[in-house]
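Reader: I would like to learn how to read a model like this one, feature by feature. Could you walk me through it?

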Amino acid sequence: MEHDPVSALCLRYAGVPHHLGWLNYWSDAAARAIGFPDPARDADLLLRARRTVTGGWIVRLTEEPLDLDNSAHLSALLRTYERFPAIGGRSIVATKTRRATCL
């Protein structure tokens, strides 16, 4: 059986979230795929994150429900998208993979 690198990438990114919200559940596999948690880079998110019994994560972007009219909330959302470019298929690999065979 021949190794198919595109299929391998699809499996790697299949669990990556498609978007962010106020409350986010990331399975253990999804968290590993996006590189969460990195204590040095995710200190702010870790303050509002909880590990689940199955190894996943529940991550709140802000203390209060997300309000896009609140500049602090919008900033937190934008920072998180910048931190995790694979979310939403914005990284080059994730974009190519999803369009190629993962949809």
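**Reading the chain, the sheet and the salt bridges**

Author: Happy to. Buried residues make up 36% of the 103 residues in the chain. Keep in mind that this is a predicted model.

Reader: What share of the contacts with a separation of 6 or more comes from residues 24 or more positions apart?

Author: Such residues account for 55% of those contacts. For the surface, the chain exposes about 6,600 Å², and carbon and sulfur atoms supply 59% of that area.

Reader: How many bridges join β1 to β3?

Author: There are 4 bridges between β1 and β3 (residues 57-60), and these two strands run antiparallel. To follow the pairing by residue, take Tyr 25, which lies in strand β1 and stands opposite Ile 58 in β3.

Reader: Is Tyr 25 buried, partly exposed or exposed?

Author: The step here is to compare its relative accessibility with the cut-offs: buried is under 20%, exposed is over 50%, and partly exposed is in between. Tyr 25 has 49% relative accessibility, so this residue counts as partly exposed. Together with Leu 23 and Ile 58, Tyr 25 forms a nonpolar patch on the surface, and the accessible area of the three is about 300 Å².

Reader: Let us turn to charges. How many salt bridges does a search of the whole structure find?

Author: The general idea is that side chains of opposite charge can pair when their charged atoms come close. In this structure the search finds 6 salt bridges. One of them joins the side chains of Arg 51 and Asp 28, at 3.1 Å from N to O. Arg 51 lies in strand β2 and Asp 28 in helix α2 (residues 28-34), so this pair ties together parts that are 23 residues apart in sequence.

Reader: How accessible are Arg 51 and Asp 28?

Author: Arg 51 is partly exposed, with 48% relative accessibility. Asp 28 is partly exposed too, with 26%.

Reader: Which residue does Arg 48 meet in a salt bridge, and is Arg 48 buried or exposed?

Author: The side chain of Arg 48 meets that of Asp 44, at 3.2 Å from N to O. Arg 48 has a relative accessible area of 10%, so this residue is buried, whereas Asp 44 is partly exposed at 39%.

Reader: What about Glu 63?

Author: Its side chain forms a salt bridge with Arg 60, at 3.3 Å from N to O. Glu 63 is partly exposed, with a relative accessible area of 48%, and Arg 60 is partly exposed at 23%. When reading salt bridges, also look for shared partners: here they join Asp 28, Arg 32 and Arg 51 into one network.

Terms used
Residues numbered from 1 in each chain as written. Predicted model: local features only at pLDDT ≥ 70, side-chain atom pairs only at ≥ 80, totals over all residues. Heavy atoms only, no water. Pairing = 2+ DSSP bridges. Patch = residues over 30% accessible without salt bridge, like charges linked within 9 Å, V, L, I, M, F, W, Y side chains within 5 Å. Areas by Shrake-Rupley, 256 points an atom, 1.4 Å probe, with all protein chains shown as cover. Salt bridge = Lys/Arg side-chain N within 4 Å of Asp/Glu carboxyl O. Buried < 20%, exposed > 50% of the residue type's maximum accessible area, 1.4 Å probe, protein only. Contact = heavy atoms within 4.5 Å.
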